[in-house]
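Student: I am new to this structure and would like to know what stands behind the words used for it. Please show it to me, and then I will ask.

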Protein chains: 2
Amino acid sequence: MEKTLIEVKYAITCNRNFDIIKNAAIAFENGKITYVGQIKNIPYSRSYFDNIILEEYGIAIPGLINCHTHAAMNLFRGACDDLPLKLWLEKKIWPLESKLTSEDLFYGNLSSFLEMLSSGTTTFVDFYYFNELIDALKVIPLRAVATIAFLDQVPDGEIYWRRFKELQKYFDMANSIGDELVKIALGPHAIYTCSKELLEKIMDVSEKHNLLVHMHVSETLDEVHFTKEKFGLTPIEYLDKIGILNEKMIAAHCVHLKDKDINILQKKKVNCVHNPSSNLKLADGVMPLSELLKAGINVCLGTDGAASSNSLNLFNEMRTAVLLQRGVNLDPKFPNAKDAFLMATANGARALGLDNHIGSIEENKKADIVIIDGKSPRLWPEYDIISNIVYSCTPADILFTIVNGKILYEKGKFPNIDIENIMGEFNKKALKLLNTIN
Amino acid sequence: MEKTLIEVKYAITCNRNFDIIKNAAIAFENGKITYVGQIKNIPYSRSYFDNIILEEYGIAIPGLINCHTHAAMNLFRGACDDLPLKLWLEKKIWPLESKLTSEDLFYGNLSSFLEMLSSGTTTFVDFYYFNELIDALKVIPLRAVATIAFLDQVPDGEIYWRRFKELQKYFDMANSIGDELVKIALGPHAIYTCSKELLEKIMDVSEKHNLLVHMHVSETLDEVHFTKEKFGLTPIEYLDKIGILNEKMIAAHCVHLKDKDINILQKKKVNCVHNPSSNLKLADGVMPLSELLKAGINVCLGTDGAASSNSLNLFNEMRTAVLLQRGVNLDPKFPNAKDAFLMATANGARALGLDNHIGSIEENKKADIVIIDGKSPRLWPEYDIISNIVYSCTPADILFTIVNGKILYEKGKFPNIDIENIMGEFNKKALKLLNTIN
């Protein structure tokens, strides 16, 4: 496999010391980082490398990690805009989903991959259709957590129970991508769509196979009221009582939380995914992010699907997360840009149990690297680089997105990918689908 | 002057009917639009034109209008991040401003122009240093409202009074740019920095010369408390009592408003500028945008300066304006994407008294046009184009920014502008300045 050398003005390592290296070199081969340090100390001669990326004003950052999305929902972008979550599901999403074909999903996934790569995302957690996700990852190999969805409190809910018997099939599909790019999560959809028995079964299977669990948790007031009425508990208390809350849980949303809920999340080391744009757009409310961070809870970031937030751009989420919290709490000091940057990188890696592999630019980690154009008018002066990236960087400023040592995006282009064909097919299929509900 | 023809897939005219033309052509010469309609009906032969822009998937929109910024504050980006407005001014901004040179400001302005052009902004309202703004506009001619700042409740405040005697000098400077590109506003800074006498004088001069007035209004709770204590009135009541509130007033921020304030703003036809990112980042609070829109008040959008919001990207402000309001009011239906789009275009033009010239793509209006890349993965499917633009478009998707018929930005480049030199000088000067307050 190719040996690559990157030389940039700055590398934001996101290592434990949060070192920012000036005049930095990063070397990698076989998808793994072999050197991070100053250019002058590179332990190889230039001729050792097959490929040298030289960006005089470049800023290398760890690839961003999107911890909650429904990638193929790019098909629905703009079609479900002005509804609360319940109607959004019942009037738009479920009718649309009942008509989805595998081909629709395949192109929906590919379109979202292009969007994520061009905005610096290298890893994402998908909660949607497993098989078609794998098919699309065979074409464009991002790093992913693929969630096996479960919900039994719906018509035909029993079919999901069968999935427990087919786990090996899912493992095999994930492994078929190779390079350990795909990890599996069990995905109980939400409290209001999953029975207690289903959640208990998932907890058992997660324990037995050491699998992540990914779930929508405390997203809306409706959900809180539902749980309160049915069980006399908050959603967090209910899940805790079942025993499903632990460090393998990736809990998306966590908007409505009481102090006692925050205590539980902290004690059980639950990972919380903040999706500020989606929560705002659907008028769900605002996660108490500052309180969660102060409690030492691992909070990462997600875009949610394009049907709700309309964009898979994590720069939006970093920016919105900080600004929103300040405006709501009337506290201009916390959280800050670095908090948001960590949420989109190191915290995400930790939530996915991948902190030994991604989330920072360090030797022996995977080469998931994004190079930003430091000479963009949005990113100067070079006074506080982290602040500039979090508040002002846009996809226009992304030069390279590298996943597992492979350049998947380079200066507006996707090497070896027929984007015209993908986007054309995607658009055609999406419009056909969307026109069925007009 | 060049005769130009644009052919695109869609033109979002933003005219009174909000017509979206498919397979659209836009012709302009001498900076003025001569045809808007379907390609098949163009009343000229192709050979008539000197320049033809053909973008098969392009989407033409009116140039965006940034109704409140301090352009040269790009110099301070990232240096004043985690402070409330009062300390932000006293500890950072005022000490830095005391050291500013004309050259600093010149390059600060140019850097902001590059940032605005590359994110689709063609017109902006600047509230900062007049002379250096004009110098910079001579190099890169955006459309601008240049504000003559006034504040007398500060040390050396009397020097601002002299400006009333030098008005002709300001008019001449603005006219020196030509093409009616620059309009003048009188800028009383804020209630807490301007005496009653100064505000009254400004009202008189505005009336006499038919000049816009641009002011920071009801930005923080501190300001509300100050006005309440000193005058027993809300900021809006106080300004109304002075008589300065009318359709020539461009009131930036308007965060803290009582119902009676909203009534006054509506009755007096005041134009309000929403700066959601700045208000959030400085923890000022949230403008009651939905209420203002429902009251029929003309609300437009601003980025504020990069020292407070860190970015001059109006796409951020459109998106944030909608999301924030929904999350705070728990209303997923209002405002919507179209409301935000109008705020950044037609409403802005109206606030500036330029609605006969800009804010829409119509015959006889100025050719201030932005072409977006409709085949970006962020902007498909082509189901609801306005929604896609407001929620998902980024500077990466801007192909052309045209001001007064001149292409000032084209696919990542600024024709005839030495960006390397500008950004290099800008960065050097900014860092020198910022290092004085460390």
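Tutor: Begin with pairing: two strands pair if DSSP finds at least two bridges between them. Helices (H or I, at least four residues) and strands (E, at least two) are DSSP runs, numbered from the N terminus. This is a predicted model, in which local features need pLDDT of at least 70 and side-chain atom pairs count only at pLDDT 80 or more, while totals for chains, interfaces and linings use all residues. Residues are numbered from 1 along each chain as its sequence is written, and chains are lettered from A and ligands numbered from 1 in the order in which they are written.

Student: How do you know that β9 and β10 of chain B pair?

Tutor: Strand β9 (residues 212-217) and strand β10 (residues 249-253) of chain B are joined by 5 bridges. At least two are needed, so β9 and β10 of chain B count as paired. The two strands run parallel. B:His216 has B:Ala252 of β10(B) as its bridge partner.

Student: What is the strand order of the open sheet in chain B?

Tutor: The 8 strands follow the order β5-β6-β7-β8-β9-β10-β11-β12, with parallel pairing. From one strand to the next, the twist averages 25°.

Student: Why do β5 and β12 of chain B stand at the edges?

Tutor: β5 (64-69) and β12 (298-301) of chain B each have a single partner strand, so one side of each lacks a neighbour in the sheet.

Student: Why are α2(B) and α16(B) called oblique to each other?

Tutor: The axes of helix α2 (residues 102-118) and helix α16 (residues 419-434) of chain B cross at roughly 125° and come within 9 Å. Axes are lines fitted to C-alpha atoms, for helices over the stretch in contact, and angles run from 0 to 180 degrees between N-to-C directions. Angles under 35 degrees count as roughly parallel, over 145 as roughly antiparallel, 65 to 115 as roughly perpendicular and the rest as oblique. The pair α2(B) and α16(B) is therefore oblique.

Student: Which residues make that contact between α2(B) and α16(B)?

Tutor: Residues are in contact if their C-beta atoms, placed from the backbone, lie within 7 Å. Among them are B:Tyr107 and B:Leu114 of α2(B), and B:Phe426 and B:Lys429 of α16(B). By class, the contact of α2(B) with α16(B) has 8 nonpolar, 2 polar and 4 charged residues. Ala, Val, Leu, Ile, Met, Phe, Trp, Tyr, Cys and Pro count as nonpolar, Asp, Glu, Lys and Arg as charged, and the others, Gly among them, as polar.

Student: At what angle do α8 and α9 of chain A pack?

Tutor: Helix α8 (residues 235-242) and helix α9 (residues 259-267) of chain A pack at about 40°, with their axes 9 Å apart. In this contact A:Ile236, A:Glu237 and A:Asp240 of α8(A) meet A:Asp261, A:Ile264 and A:Leu265 of α9(A). The classes are 3 nonpolar, no polar and 3 charged residues.

Student: How many residues of chain A are in contact with chain B?

Tutor: 55 residues of chain A are in contact with 55 residues of chain B. On the chain A side, α16(A) gives the most, with 6 residues. That side divides into 26 nonpolar, 17 polar and 12 charged residues.

Student: What are the domains of chain A?

Tutor: Domain 1 (3-62 + 362-410) and domain 2 (64-351), with bounds from an automatic or database domain assignment. Their centres, taken over C-alpha atoms, are separated by 29 Å. The contact takes 19 residues from domain 1 and 24 residues from domain 2 of chain A.

Key:
Contact = placed C-beta atoms within 7 Å.
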